[in-house]
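Hi,

Here is the structure I said I would pass on, followed by my notes on it. Have a look at the model first, then read on.

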Amino acid sequence: MANAKQKITLNASRDIPFNKLVLSQANVRRIKNGQSIEDLAASITRRGLLQSLNVRPVLDGEGKETGMFEVPAGGRRFKALELLVKQKRMAKAEPVPCVVTDANSVVPIEEDSLAENFQREDLHPLDQFRAFQTLHDQGASHEDIAARFFVTATFVQQRLRLARVSPRLLETYEQDSMKLDQLMAFTVSDDHARQEQVWETLQNSWSQEPQQIRRMLTETTVRATDRRARFVGVDAYVAAGGIVLRDLFEADNGGWLQDPALLDRLAGEKLKEAADAIAAEAWKWIVVDVDLPYGHAQGLRELTGTPADLNDDERATREALRKEYDDLEAEYAEADELPDEVDQRLGEIETALEAFESRPIIYDPAERARAGVFVSIDRDGDLVVDRGYVRPEDEAPEPVDGDGTEGDGEDGADPAGGDPAVRRTTITIGGQSAEPEEDDGDDTIKPLPERLVTELTAYRTLALRNAVAVNPHVAMTALLHRLVLDAFGQRSFTGCVEAAVRQVYLTAQQADLKDSPSAKAVDERHEAWKADIPFGDDNALWAWLDTLDEASRLALLAHCVSYGINALFERPNPYGGNGVSQAGLEQRLREADRLAHATGLDLVDVGWRPTVDNYLGRVTKARILEAVREGAGEQAAQLIDHLKKPEMAKEAERLLADSGWLPEPLRLIDGEAPAPAGDEEQDLPAFLAGDGDDAEAESDDGAVQAVAAE
């Protein structure tokens, strides 16, 4: 018969008056670590004693119980209760819940103390995060929770932020597949989908550092230290509905602004307000941008103005400030350290005196009428106003026939009755006109905005690249045409034989250009070739090219040549140097039209449709009606001619959706014979009439930008 297992008997618990308890010298805890006795006493006051004391009877010399009990485990709780008694917040004889161990137990008393402290398991951080979140959901504020657990409000906010990370990532952390500092990095964003996307991306990355996580989560945001954010002000951004991402675990210099579009709008509005105020000074033009390019004033003449004189009151104030400054310095000359209020006053006087030295500059009204102003933002977010620059085309003409007069009313002053203030100042923000669209029923067809033409021709350029890339015959002809002109021209290059296609980047483009069929086709073809070509070994590349079949060689040639296609419109530079001349621009557009004819390119077939964003919302009402007449008929135009521009543009988009209508910059000029190199220049299309000045003919790159030498 098997013996029954001996069952254990748990130690009895009982309430013992506090004055019958003493702290055991066998308690193994000697070093203070963690919560203070004062905080523990406050916790007991709020919640009571959550855990009983472990005690043993104290024996006398004969081994009999004395009625006193020593506490080997629970010494900190004993000291907290002792503190409450000293503070008269608890009675000396208050019954204390205790677990009593036999005084003659075979287990050493020191083992009781060690076991209680050694075998205790700390709370998992995730359990702490979730517990704080539960208290917060029950209505407790950050400060309330912090006060209850004797931590800072920031500590609580950090744990609450960790509890709000994606549940999938919290589960990953719970399974020890993610480090705590990585989880902390994910708190900069509340977007769970983005958090999960970043974590999945990092699984295939060599870098999984917290900083990399933060960079990926904030890559589409704007730093609070950005000049635009400083200029607008984070408070104004938040007041407008913007969201600021903050990192509670590391210094984030103010965080990240989540909505760049909103920030740009607010910055643009504030810059426009500043420009409107400056326009009252009657300048001819004002160019406004967040960050003006390097050398923006190159080639412009800078006006020399005269500082405004001080009036009598200002002179008296300046002298009084100087005297006060000198008196204070003399009074405290022997002092080792200035009193705070004196130091502050000296600083105020210095600032006021500097303002007297920085006097406004007065410019001649006649010069101001032909000059302009640059407005921008510096690195610190401060407004920078740079006045007094004259463009070459705005210079006063030379006197005619030596009679001291100037031609055709160009007398250096504004034509509006000699009063420059009558004329409206032209304000340009970020390359776009800031003037409100006139809705006065004027039927005059005005030239297309320059940037719109550039964006339209960017679409055409990309479509031409795709068309040339899939037509090796045209690509070969275009390349040979370029190379023959170079080889038999007067150009001189170093080296043996050089031929290169210069890729043209589309700096001005519509936001959805990357999603166009042409862009997708070009990118897919490029990636396919890139996967096959053996880069890294020049000899291997030569051998690979040498063994390609003829069809593949022609296809690759066509693809490479297509990257040199440039059908962009840009403002001609009549003064030489950087940019394209008038003759070069005309040559480029002629060649682009020739390539479109040769490839059979139709912009309608490759996906271009007139929309509010890409055309109709950016031209005048007269242009909108003209487009509808051409694409949908006179009757359709009459149906919308009474609408305001926003509604007219939307209706026009609907009417023209399947019409096949194209604006002038995207049309083929039917029947136009290609102009051989060196022929007389032809006039630009009507939509470009009046843009740029005539320039002498010179050798400019055409629609295919390539370089060759012998």
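Let me start with a helix pair. Helix H4 (residues 125–137) packs against helix H6 (residues 153–163) with the axes 8 Å apart and an angle of about 100° between them. Since angles of 65 to 115 degrees count as roughly perpendicular, that makes H4 roughly perpendicular to H6. On the H4 side the contact is made by Gln128, Phe129, Phe132, Gln133 and His136, and on the H6 side by Phe155, Val156, Arg159, Leu160, Leu162 and Ala163. Sorted by type, the residues of this contact come out as seven nonpolar, three polar and one charged.

Before you go further: this is a predicted model, so keep an eye on the confidence values. The chain has an average pLDDT of 80, and 82% of the residues score at least 70.

Some totals for the chain. The secondary structure amounts to 25 helices and 18 strands. The chain has 710 residues, of which 37% count as buried. Of the contacts with a separation of 6 or more, 74% are between residues 24 or more positions apart.

Now the sheets. Five strands make an open sheet in the order S1-S5-S3-S4-S2, and the pairing is mixed. Its edges are strand S1 (12–17) and strand S2 (21–23), each of which pairs on one side only. From one strand to the next, the twist averages 50°. S1 and S5 run antiparallel and are joined by six bridges; in one of the pairs, Pro17 has Pro95 in S5 as its bridge partner. Helix H2 (residues 75–86) packs on this sheet, where it touches S2, strand S3 (53–59), strand S4 (65–73) and S5, and its direction makes about 120° with that of S2. Helix H3 (residues 109–118) lies across S3 and S4, running at about 35° to S4.

There is also an open sheet of three strands, in the order S6-S8-S7, with antiparallel pairing. Strand S6 (222–223) and strand S7 (244–245) are the edge strands, each pairing on one side only. Two bridges join S6 to strand S8 (residues 256–257), and these two run antiparallel. Opposite Arg223 you will find Trp256 in S8.

Strand S9 (residues 285–288) deserves a look of its own. Are its faces covered or open? Both faces are covered: Trp285 and Val287 on one side, and Ile286 and Val288 on the other, are all buried. S9 pairs with strand S15 (residues 426–429) in the parallel sense over four bridges, and it is also joined to strand S13 (residues 371–377) by four bridges, again running parallel. Trp285 takes part in both pairings: it stands opposite Thr426 in S15, and its bridge partner in S13 is Gly372.

Most residues other than glycine have a negative phi. Phe150, though not a glycine, has a positive phi of about 60°. This residue lies in the loop between helix H5 (142–149) and H6, and because its relative accessibility is 31%, Phe150 counts as partly exposed. Ala282 is another residue other than glycine with a positive phi, near 70°. You can find Ala282 in the loop between helix H13 (260–279) and S9. Is Ala282 buried or exposed? With a relative accessible area of 8%, Ala282 is buried.

Cheers

Conventions:
Residues are numbered from 1 along each chain as its sequence is written. This is a predicted model: local features need pLDDT of at least 70, side-chain atom pairs count only at pLDDT 80 or more; totals for chains, interfaces and linings use all residues. Side-chain values use heavy atoms; hydrogens and water are left out. Axes are lines fitted to C-alpha atoms, for helices over the stretch in contact, and angles run from 0 to 180 degrees between N-to-C directions. Angles under 35 degrees count as roughly parallel, over 145 as roughly antiparallel, 65 to 115 as roughly perpendicular and the rest as oblique. Contact means heavy atoms within 4.5 Å. Ala, Val, Leu, Ile, Met, Phe, Trp, Tyr, Cys and Pro count as nonpolar, Asp, Glu, Lys and Arg as charged, and the others, Gly among them, as polar. Two strands pair if DSSP finds at least two bridges between them. pLDDT is the predictor's confidence in each residue, from 0 to 100. Buried means under 20% relative accessible area, exposed over 50%, partly exposed in between (1.4 Å probe, protein chains only).
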